[in-house]
2 protein chains.
Amino acid sequence: MTIKLYELCGANEELVFSPHCWKTRMSLAHKGLDFDSVPLPFTKVATIENGDSRRVPVIRDGETVVEDSLEIAKYLDAQYPDTPRLLEGAAADAMTNLLINWAQTQVHPVVVKMCLMDIYNALAPEDQVFFRATREKVFGMSLEDFASKMASTPEDLAKVLVPLELTLKKQPFICGETPMFADYAVFGALQWLRITKGDTALPKEGEVSNWFNRLLDVYDGMARNTVIAA
Amino acid sequence: MTIKLYELCGANEELVFSPHCWKTRMSLAHKGLDFDSVPLPFTKVATIENGDSRRVPVIRDGETVVEDSLEIAKYLDAQYPDTPRLLEGAAADAMTNLLINWAQTQVHPVVVKMCLMDIYNALAPEDQVFFRATREKVFGMSLEDFASKMASTPEDLAKVLVPLELTLKKQPFICGETPMFADYAVFGALQWLRITKGDTALPKEGEVSNWFNRLLDVYDGMARNTVIAA
């Protein structure tokens, strides 16, 4: 029996635009599985398949109803093991590259704007000269101007870490049950802040803070026991 | 022979703060490999191991010198196959969760601020009423005010996609040589924009644009040939 895909549409039923439904459309096509689209407008979504607060996408496959694009991907991988997998080990190295670039281009700039002068103050005089010259060339202004005009706050840091905070609500490490390189790629940014500034200023109750503390503790506390700037 | 780790330090040699060096410190500890730290200030980094433009971390392991924390991780995985891996397949599903949350919390908000009124305009009248009521409750202002005050630009979109742009310079898909669910998780956001607005406004020469076009073409062009809002 062909899989039914309940998805959101506009006034024109053929206009199916939901990003989450597109994840499932692509997932079904990826597996070469035929599906019948059941386009529904916003006001009809909640009651799909006798639900009361459904969110699209929802699929029905025979007797099975599954909601949420990731749950659907997991279901399809399990139910159709002979089709190309949607979630799989072999992709980990490739995704690590994206997470490294995420840390580098999104987290690092926030961190450096929190601890620029702390880094500078931790250096020996000749290195301060080097650091000032190279960074001021990039920034186009003095270190002091950059630090005051571009300052990031702990709230900025928390904001950029939202994807990680959400993820760690469901798993202890970025790489799952144990940390791997992608964990360290993000950890490095926060350890940089902790060492130069003395503290990360992460919200104490947050999952990122808990994860960071776990990584400070592993390997006999190597990372926790390192020297911190006075 | 113990591995040498060249890393950045402050005026105090024990103050080793570089985020990139911490990636490698954690990587070495992860593998249970002993290392001797060689702390160097900024002005001594370029010439490590007879280099002229080195960047830390650099390791020497016997006759082998490796630079860059990811390259070091790859080297260590290859050289010490009996130690816990730093990059591995089993982590892919866990990383997919972070990439889904990245798309959802970083890319989606930019996209929705580009196409909010386009979405609204594509709906049937009763769904417009529903959409307006539910969204205005969340936004705390009218759709029109939100769309004008909070508008995102194509530059905002390109900025949030920088990590992906960099990643796709080195691999065709987020998941490597072929697309998997994490690709679709990000694709969904851009397809949403394309369908409601008619175009993603991605920089035409960019790698994200090339990747998006590849995904529009796969599966007999299913995603390219879908109906687009007038």
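Reader: How far apart are the end C-alpha atoms of helix α1 (residues 19–30) of chain B?
Author: In this predicted model, local features need pLDDT of at least 70 and side-chain atom pairs pLDDT 80 or more, while totals for chains, interfaces and linings use all residues. Residues are numbered from 1 along each chain as its sequence is written, with chains lettered from A and ligands numbered from 1 in the order in which they are written. Helices (H or I, at least four residues) and strands (E, at least two) are DSSP runs, numbered from the N terminus. The expected span is 1.5 Å times one less than the number of residues, so the twelve residues of α1(B) should span 16 Å, which agrees with the distance between the end C-alpha atoms, 16 Å.

Reader: How many of the twelve residues of α1(B) are buried?
Author: A residue is buried if 20 or more other C-beta atoms, placed from the backbone, lie within 10 Å of its own, exposed if 12 or fewer, and partly exposed in between. The helix α1(B) is largely enclosed by the rest of the structure, because the number of its residues that are buried is eleven.

Reader: Which element gives the largest share of the side of chain A that touches chain B?
Author: Residues are in contact if their C-beta atoms, placed from the backbone, lie within 7 Å. By that rule, 76 residues of chain A are in contact with 77 residues of chain B. The largest share of this side of chain A, 14 residues, comes from α4(A).

Definitions and conventions. Two residues are in contact if their C-beta atoms, placed from the backbone, lie within 7 Å.
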